[in-house]
Amino acid sequence: MAMLSNLDLIRRVRLFSMLTPEQAQSVADSVSKRRFKRGEVVVEQGTHSNALFLLLNGRARVLTADQRGREVIMAVLEAGDYFGEMSLIDGEPPSATVRCEQPTDMLVLGRQEFSRCLPEPNSMAYGILRGLVARLRNADRQIESLALLDVYGRVARTLLDMAEDDNGLKIVRGRVSRQDMAKVVGASREMVSRVMKDLEERGQIETLEDGSVVLKHIDSPGASDIDE
């Protein structure tokens with residue numbers, strides 16, 4: 001059987017189905033084909049990535065892990081799936097690790113070539129793309145928190161996400177509703193109140209008269225001896 005060209009291969013990928021013939025040929029001329037071994041890490045959570053990866057065959061897992069090495073499978077990728085686009089759009093490191101479950105062939109498209117297929121950076125379409133990526137990253141963090149952190153860690157991470165910097169001081173302005181916090185972290189209001197009280201007693205947060213919360217010694221969420 002004749003070997004398929006890069007143009008034939010990308011035409012089979014849904015992501016590129018709307019490209020003009022000229023754009024498709026430009027992408028085809030720019031991609032390279034790579035084979036990854038079983039167990040090989042393609043991109044690693046938190047490290048820099050400069051490419052879009054498209055699976056031609058095989059299978060890969062999208063994973064996130066905590067500092068103790070516990071992993072959560074976010075997705076399983078198969079032929080036709082792709083990853084890496086979020087980092088190319090917003091310039092931030094990958095929010096998850098991608099590891100091959102079996103020998104997998106991929107097409108790899110670099111940042112510069114990928115950018116040619118995007119709207120102009122000052123366009124509304126590009127702004128919407130960045131907004132969608134931000135929402136996806138927040139969703140990934142929420143899934144990771146629910147799967148890997150106890151209630152203490154989830155409350156701490158939510159406070160960090162809500163806080164703004166004020167001359168080096170991290171503060172959550174306005175009254176922090178325990179009920180709303182409970183809905184975000186997936187716990188009861190009573191449990192959230194207990195955790196917040198414990199944080200105050202430890203001197204890690206301070207609640208001001210207007211209900212705002214100052215974060216004093218919360219650097220990263222972790223496990224605690226508080227059980228739900």
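User: Why is Gln 204 called buried?

Analyst: Gln 204 has a relative accessibility of 16%, and buried means under 20% relative accessible area, with exposed over 50% and partly exposed in between, using a 1.4 Å probe and protein chains only; Gln 204 therefore counts as buried. This is a predicted model in which local features need pLDDT of at least 70 and side-chain atom pairs count only at pLDDT 80 or more, while totals for chains, interfaces and linings use all residues. Residues are numbered from 1 along each chain as its sequence is written, and side-chain values use heavy atoms, with hydrogens and water left out.

User: Where is Gln 204 found, and what is it in contact with?

Analyst: Gln 204 is found in the loop between α8 and β11, where helices (H or I, at least four residues) and strands (E, at least two) are DSSP runs numbered from the N terminus. Contact means heavy atoms within 4.5 Å, and, leaving aside neighbours within four places in sequence, Gln 204 is in contact with Tyr 152, Leu 199, Val 214, Leu 215, Lys 216, His 217 and Ile 218.

User: What makes Arg 137 and Asp 90 a salt bridge?

Analyst: A salt bridge is a side-chain nitrogen of Lys or Arg within 4 Å of a carboxyl oxygen of Asp or Glu, and the closest N and O atoms of Arg 137 and Asp 90 are 2.6 Å apart, so the pair meets the definition. Arg 137 lies in helix α5 (residues 124-148) and Asp 90 in helix α3 (residues 85-90), so the pair ties together parts that are 47 residues apart in sequence. Arg 137 counts as buried at 13% relative accessibility, and Asp 90 is buried as well, with a relative accessible area of 15%.

User: How do you know that Asp 161 and Arg 141 form a salt bridge, and are these two residues buried or partly exposed?

Analyst: The closest N and O atoms of Asp 161 and Arg 141 are 2.7 Å apart, so the pair falls inside the limit for a salt bridge. Asp 161 in helix α6 (residues 151-162) and Arg 141 in helix α5 are 20 residues apart, and the pair links distant parts of the chain. Asp 161 is partly exposed at 48%, and Arg 141 is partly exposed at 32%.

User: How many salt bridges are found in the whole structure?

Analyst: A search of the whole structure finds eleven salt bridges. Glu 164 forms a salt bridge with Arg 173, with the closest N and O atoms 2.9 Å apart; Glu 164 is partly exposed at 40%, and Arg 173 is partly exposed at 46%. Arg 59, Arg 61 and Glu 101 are linked in a network of salt bridges.

User: Why are β9 and β11 called edge strands?

Analyst: They belong to an open sheet of four strands in the order β9-β10-β12-β11, with antiparallel pairing. Two strands pair if DSSP finds at least two bridges between them, and β9 (164-166) and β11 (205-207) each pair on one side only, as edge strands.

User: What is a nonpolar core, and how many residues has the largest one?

Analyst: A nonpolar core is a set of buried Ala, Val, Leu, Ile, Met, Phe, Trp, Tyr and Cys residues joined through side-chain atoms within 4.5 Å. The largest nonpolar core has 21 residues, and those with the most contacts inside it are Ile 10, Phe 16, Val 27, Leu 52, Leu 109 and Phe 114. The elements that give two or more residues to this core are α1 (6-11), α2 (21-30), β3 (51-55), α3, β8 (104-110) and α5. A second, separate core of 20 residues includes Ala 156, Leu 159, Ile 205 and Val 213.
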